[in-house]
Structure formats: C-alpha cells, structure tokens
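Please keep the model open while going through the points.

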Amino acid sequence: MITRRTVVTGLTAGVALTALGAGLRSAPGAGPVQARSDNLVKLPIPPLDKGRVESGVRIFDLALQRGQAQFLPGLSTPTLGINGPYLGPTLNLTDGEQVEIRVKNGIGEPTTIHWHGLHIPARADGGPHQVIEPGKTWTPTFKVKQNAGMFWYHPHLMHKTGLHAYLGMAGAMIVNDQRTPDLALPSDYGVDDIPLVLQDKRFNRDGSLDYLSSMPDRMMGMKGDVLLVNGAIAPQFKATTGKVRLRLLNGSNARIYNLGFADDRMFQIIAGDGSLLRAPFKTNRVVISPGERTEIIVDVSDQKMAELVTYPHEAADGMGMMGGGGGMMGGGMMRRMMGMMGGDNRRFQVLQIQPSSALKASPAIPSKLIQIPLMKASDASNTRRFVLEMGMGPMMMMGGGGGGFTINGREMDMKRIDERVKLGATEIWEVVNKSPMAHPFHIHDIQFQILDRNGKPPRGQETGLKDTVLVGAGETVRVIAKFEDYADPERPYMYHCHILEHEDAGMMGQFTVEA
Ligand code: C2O
Ligand code: CU
Ligand code: CU
C-alpha cells in the first residue's frame with residue numbers, strides 16, 4: 001500500500017487530488033484497497049461548458065488529446081482526455097436548440113465520439129462509422145430533441161471503444177428543457193447539482209493503466225480495483241445546501257455498482273437515463289450498470305456526514321441472477337470458473353458528503369415530476385427479439401482466440417445491417433439473456449420505456465425514459481419505443497452490450513430507420 005500524499009494535477013482546472021492508499025495491481029481478492037481518511041481530496045467538478053452562440057447555433061469545441069494525470073501519489077498516468085488530460089467538460093445543451101460540435105482528434109490515431117442517449121440523425125451519432133482520422137475535425141450538427149436529463153459522450157471506434165474510454169475520453173452532457181425549470185429541484189451546477197462520473201481502474205506499478213492483461217478482463221469485461229469519481233479517489237464534497245442532487249453516470253467499462261449510503265439513509269431517485277421520473281422514488285439503494293445514468297437527491301439537513309458507498313449486489317459480481325441460460329456450459333460450472341477468474345463484488349467508497357455548519361435550506365422535492373405517457377405493448381406494430389450469448393469462445397481465451405459474444409448468434413459486422421426499422425414505427429425489442437452474466441443492453445437514437453422484466457413491470461429509475469437496460473443472466477426484458485424523425489437507409493445506428501469489452505468483441509448489431 002502507498003502512503004497518503006497529496007499531488008496536484010492539471011485535471012479540471014488544477015484541483016488537488018489525494019490518492020488514498022490505492023492498490024497497485026494488488027492480488028485478486030485482497031479486499032477493498034481504499035483506506036478511510038479524514039483528510040480527503042476535494043471532489044473535482046468537470047467544468048460546465050455552455051459553448052458559444054453564433055447566428056442561432058450553439059457551438060462547442062472539443063479537443064481530443066493525450067495527457068498525463070496524477071491519480072496516484074508520485075506517479076503519473078498516461079491518459080486520453082477532452083480539452084484536458086482526463087475526461088471532458090460537461091456540455092450544457094437545451095432542448096430545441098441547434099448545436100454544432102467541433103471535435104478535433106489530437107490523439108494520433110483514429111477514434112470517434114458518440115453522443116450517448118441523444119436522439120439525432122445517424123450521420124451525427126458518432127458511432128463506428130463516423131471515424132475521425134488523426135489531426136482531423138469532425139463537425140456534427142443537430143437539433144436537440146430531448147427531455148431534460150444527463151447524457152454522455154464517449155469514443156465508439158470498432159474494437160477500440162474499451163481502450164479509448166478506459167484511458168479517459170468521456171464527458172457528461174446536461175440537457176435542460178422548457179418544461180422542467182419550474183420544478184423546485186436542485187439545479188445549481190457544482191453547488192447542489194453534482195455530476196459524478198464513476199469509473200474503476202487498475203494501475204500498473206509505474207502508474208500507467210493496466211488494460212486487458214488477463215483472461216477474465218476479456219471475458220467479464222475490464223474491472224479495476226480503484227474507483228475514480230470525476231477522476232479522484234474517494235473524494236469529499238462539502239454540501240452547502242440541505243439537499244444535494246447527484247447525477248450519477250456509470251462510465252466504467254464493465255463494473256455494475258449497487259449504491260447506497262453507509263448509514264443506510266433513504267434518498268429519492270428522480271431520474272433515469274433520459275428523463276426525470278413521473279414521481280420521485282424513495283429507496284436506500286440504486287443499481288447502475290455501464291452506460292446508465294440516474295439522479296438521486298439526498299437530504300443532509302441532519303448535518304450528519306453522508307458517505308456514498310457501493311454494496312454487494314447479485315448482478316454486480318457480473319454473474320448473478322442465474323435463471324436459465326448458461327449457454328453451452330452449465331450455469332454452475334461457468335459461475336465457478338468466473339469466480340476463480342476474479343468475478344468480484346468488492347466494495348468502494350464513492351463520495352463523502354460533509355454538510356457545512358450553515359446549510360441553506362432546499363425546497364421540498366415535488367411529489368410529481370414530469371408526465372410521460374405510458375406506452376403499452378398494444379401500441380407496437382412489431383416485436384424484434386435479441387438473444388445475447390457468450391459461447392465457448394470466451395471460455396477458450398487462454399489461447400487468445402476470441403469469438404462467442406453474439407446477438408442472435410452473430411458477431412458485429414460493420415458491413416451488415418441487422419435490422420431495418422420503419423420510420424414512425426413503434427416497436428417492442430425483447431432482449432433475452434442466455435448467457436451466465438448480466439449485460440447492459442443499449443440502443444442508439446431512441447429513448448425507450450421498459451415494459452417488463454421476466455413479465456414484471458419496472459420499478460424506480462427504470463420507470464423513466466431509458467436508453468440502456470441491465471439484463472440479468474437468464475432474464476428477458478421487453479422495451480418499447482417509437483422510431484421517429486430521422487430516416488437514413490445507409491447509415492446505421494448501433495445496439496450493443498455496454499460492457500465495452502463485449503461490445504468490442506462483437507456483442508453489437510446495426511439498425512437503420514427507413515422512410
Ligand atoms: Cu454509450 Cu453505443 O454507446
Ligand atoms: Cu449510445
Ligand atoms: Cu455484455
């Protein structure tokens with residue numbers, strides 16, 4: 001273990017980061033590697049970028065770049081970042097506005113930037129077909145057609161999404177709309193409205209990030225033993241208001257988090273991926289899988305410290321909820337193998353919220369938030385089925401082979417359009433997980449509603465609009481959506497598992513929306 005020291009980094013306007021006994025490639029199963037401390041680093045807040053308006057268009061400049069960040073004492077880590085060495089600014093968009101984003105690729109190799117969750121034309125989507133060559137600038141333009149919520153941007157190059165995202169090239173987007181400003185929700189960015197980007201990493205002894213150095217990394221997805229929160233390890237936030245809104249983004253490659261407070265206090269979930277909920281949902285735990293967002297409001301007016309931590313979860317070890325499935329191997333055997341290979345459920349400190357002595361009172365959370373018309377199965381004109389499987393290939397990766405991460409029996413092929421959806425159609429997409437681990441299933445272009453999971457209606461954050469849904473082993477989840485506005489028979493959108501190593505290995509497909 002490393003002793004606690006303070007280091008300074010250029011990350012997000014030069015905040016000081018303290019790395020707390022972070023584990024350097026510690027032995028698997030060594031337990032939590034993050035020590036507690038009363039002298040925590042301050043939570044970095046990514047700068048809020050409102051762009052600039054030129055003749056009615058809001059313009060953003062994003063520079064993709066290589067950098068060095070200091071996460072660990074005395075060590076620097078080669079990273080990728082946007083307008084800085086690690087992560088990027090929070091882009092502030094408004095529904096109805098025309099937007100232009102100039103993305104300059106300075107990383108010295110091809111990549112892409114995808115606007116996760118946004119309903120935009122396929123040519124602006126930033127998926128694997130919108131490659132930005134090194135030195136070039138890609139300038140998508142689109143109109144924001146979105147409910148208020150938090151979205152995010154990240155790379156999406158075929159076979160390289162996992163690596164590029166892992167090295168830090170991602171950022172949040174906060175969309176405002178005209179319908180929600182009247183709601184008395186905390187919305188002072190960085191004061192009572194706080195984005196939290198959660199990413200787990202594994203470090204080599206020289207401070208560099210360790211990526212895909214073992215077989216389980218490839219099979220279960222890349223998981224680390226150090227949790228970064230906006231690029232800091234176990235940071236502290238000083239609350240100045242009675243209520244704090246946390247906008248959580250799971251920007252990890254593969255890890256699922258079951259979040260709660262150490263004292264088990266209740267909080268209110270107010271949003272899922274792509275919208276506020278119809279009403280706040282009171283709970284003491286929230287599960288968030290890679291690609292998902294959720295927003296919670298925690299009340300700290302009792303002046304007691306509130307520590308956000310991770311709890312074990314049946315799906316969070318990557319293989320829970322064994323129902324059916326099991327693919328070609330018996331579920332039990334696969335589970336044992338995964339356990340041996342480091343499927344884990346380690347616990348992390350996420351954020352310590354320390355209320356200041358004079359808290360500004362926050363208004364009560366409204367009991368109703370927004371109206372989302374409830375879609376019913378009978379609204380759909382078509383049902384498509386997507387079967388997720390991990391075949392023998394992943395089990396045989398000792399030999400370095402790949403293969404086996406499939407949807408409907410096929411690996412991703414850039415030249416094949418898998419599904420053609422009619423413009424204006426309302427469809428049910430039924431996702432069946434026949435593998436022994438949970439997969440977060442993500443669809444580009446649309447926000448969907450979850451109809452049911454194994455026949456049961458959704459709860460909590462899953463009742464809002466979503467673009468990513470966790471499908472546990474053996475589960476069947478049905479989602480429903482309307483495909484509107486943008487037709488393009490050539491350029492496809494993606495759907496895929498948001499465990500980035502699975503996506504990169506082929507658990508992805510392409511669909512077009514055609515007039
Ligand atoms: Cu978050 Cu296809 O991506
Ligand atoms: Cu996406
Ligand atoms: Cu997966």
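1. E389 stands opposite T406 in β27. Strand β26 (residues 382–390) pairs with β27 in the antiparallel sense over 3 bridges. Strands are DSSP runs (E, at least two residues), numbered from the N terminus, and two of them pair if DSSP finds at least two bridges between them.

2. The model is predicted: local features need pLDDT of at least 70, side-chain atom pairs count only at pLDDT 80 or more, and totals for chains, interfaces and linings use all residues. Residues are numbered from 1 along each chain as its sequence is written, chains are lettered from A and ligands numbered from 1 in the order in which they are written, and side-chain values use heavy atoms, with hydrogens and water left out.

3. An open sheet of 5 strands runs in the order β27-β26-β29-β33-β31, with mixed pairing. Because β27 (405–407) and β31 (449–453) stand at the edges with a single partner strand each, one side of each is left without a neighbour in the sheet.

4. The copper ion (ligand 3) is coordinated by H439 (ND1), C497 (SG) and H502 (ND1), at 1.9 to 2.1 Å. Donors are N, O and S atoms within 2.8 Å of the metal (3.2 Å for Na, K and Ca); water is not among the atoms, so sites may look incomplete. H439 and C497 are buried, meaning under 20% relative accessible area (1.4 Å probe, protein chains only).

Methods:
Buried < 20%, exposed > 50% of the residue type's maximum accessible area, 1.4 Å probe, protein only. Helix = DSSP H or I, 4+ residues; strand = E, 2+ residues; numbered from the N terminus.
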